[in-house]
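Visitor: Could you walk me through this one? I'd like to go through it in short questions.

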Amino acid sequence: MTPRLRKGLTALGVLLFWVLLWALLARLVDRDLLLPSPLQVLQRGGVLVCSGAFWLTTLWSIARVLAGIAAAIVLGVLLAALTERSALARTLLSPLMTLVKSTPVASFIILALIWLGRSVLPVFISALMVLPVVWANVSAGIAGQDPLLLELARVYRLPRLRVLRRITLPSVLPHFRAALSSALGLGWKAGIAAEVLTVPQRSIGRMIYESKLYLETTDLFVWTAAVVVLSLIIERLLLRLVARIGRKGGETHAAAA
Amino acid sequence: MLRLHKVSLSFGDRAVLRGCSLDLPAGARLALMGPSGCGKTSLLRIALGLQAPDAGDVILRAARASAVFQEPRLLPWLSAEENVNLVLSDGPATLDEAGAWLDRLELGDARRFLPAELSGGMQQRVSLARALAVGPDLLLLDEPFKGMDEALRGRVLRLISDSLPEAAILLVTHDAQEAEALGCRILRYHEGRFEP
């Protein structure tokens, strides 16, 4: 048995265990309103997935959250570059980032509700949650560049773009990857939470809110499952994209011995 | 090509260079010798502009300076040939040229190896290949032959001499034979200065 197959079978076994436990609990409770069974959720999920509205709703939510994450990545990288160059900028920005990290997301959502429109708010909240993580990790990556390699670049008068591509980028990428891995889930969850509180048109958050409102617990489970699955898929895709960028920047021709 | 005028440098209370002057015209070859920690490497770093002296002036007029440090300073995520190519165009157009330099340094089989897959001596030769590949008019070498056996060291010394017949060379070494093989005039450390 290959390690990959073994890993897959283990994951499947774990999933089966929890689904069976869920099914058992649902049978014990015996009330759909409190806890629908996995089969009911699966059936309802099948019905929803076959409707065009499901995909439209999902795509809009993905677009909002990804817009927020993308904005946070761009801003986080730019701010990291700035704060690693300027001690003053770092001194000014560090407490702000700590504040953002330690403030409950609900406080920001309510505050932002006063300042911003409902449809923009999930974008803003996703960005806000991801920004400190990206900034901190990219800063660490820039600061962690090997000074001996930077000296080498000076001696050989390497163009700035080459230094960026060959030294800075490969130094920062592992940190960036770690940031993405932890921030994506955070951004996604915060974005959906913001949608639940602001109920914008065509959003998973609105569907979750309405499921709760009309006591459609099965729908609530389906939409929650959709959030989890989408979060995993988006994380995988983005990390793969980052890995590809890493290969282009660094290990292009290297071959194992 | 390179002129240092009354350069001084201290580490805390310890003065290593005291009004040290050095003149390396185009094509000249000098070797700095002296006990460990006397300031040879610091002098090279000052010459390259990597370290500021406490006092004194440095004039560097090289069009293409290159250096081999005590440590190979290879980019760990690039293969041997990519490390050499880094100082050329860094594109596919000069990859063969980079590979040819590795061939000359007897590393033809290791072109696509990552630095971590090479021994210390092999890494140092990649670093030498990189320094020679740019066709420098000034080459600074800081004990670059560590980890090489005598026969290989002889061949590498010949390669440097043959490849750069007109370049100025500043060598830091503990071995007078290396200096002689490169045709360097030897300067020895004496009370904060390097003197013939």
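Predicted model: local features only at pLDDT ≥ 70, side-chain atom pairs only at ≥ 80, totals over all residues.

Visitor: Which element gives the largest share of the side of chain A that touches chain B?

Guide: Contact here means C-beta atoms, placed from the backbone, within 7 Å. By that test, 17 residues of chain A are in contact with 20 residues of chain B. Elements are DSSP runs numbered from the N terminus (helices H or I, at least four residues; strands E, at least two), and those giving two or more residues on the chain A side are α7 (147–155) and α8 (160–198) of chain A. The largest share, six residues, comes from α7(A).

Visitor: What is the strand order of the open sheet in chain B?

Guide: Strands count as paired if DSSP finds at least two bridges between them. β1 (residues 2–11) of chain B and β4(B) pair antiparallel over five bridges, with B:L4 opposite B:V58 in β4(B). The edge strands, each pairing on one side only, are β2 (14–24) and β4 (55–60) of chain B. That leaves the three-strand order as β2-β1-β4.

Visitor: At what angle does helix α1 of chain B run to β1(B)?

Guide: Axes are lines fitted to C-alpha atoms, for helices over the stretch in contact, and angles run from 0 to 180 degrees between N-to-C directions. Helix α1 (residues 40–47) of chain B lies across β1, β2 and β4 of chain B. Its angle to β1(B) is about 125°.

Note on methods:
Residues numbered from 1 in each chain as written. Chains lettered and ligands numbered in written order. Contact = placed C-beta atoms within 7 Å.
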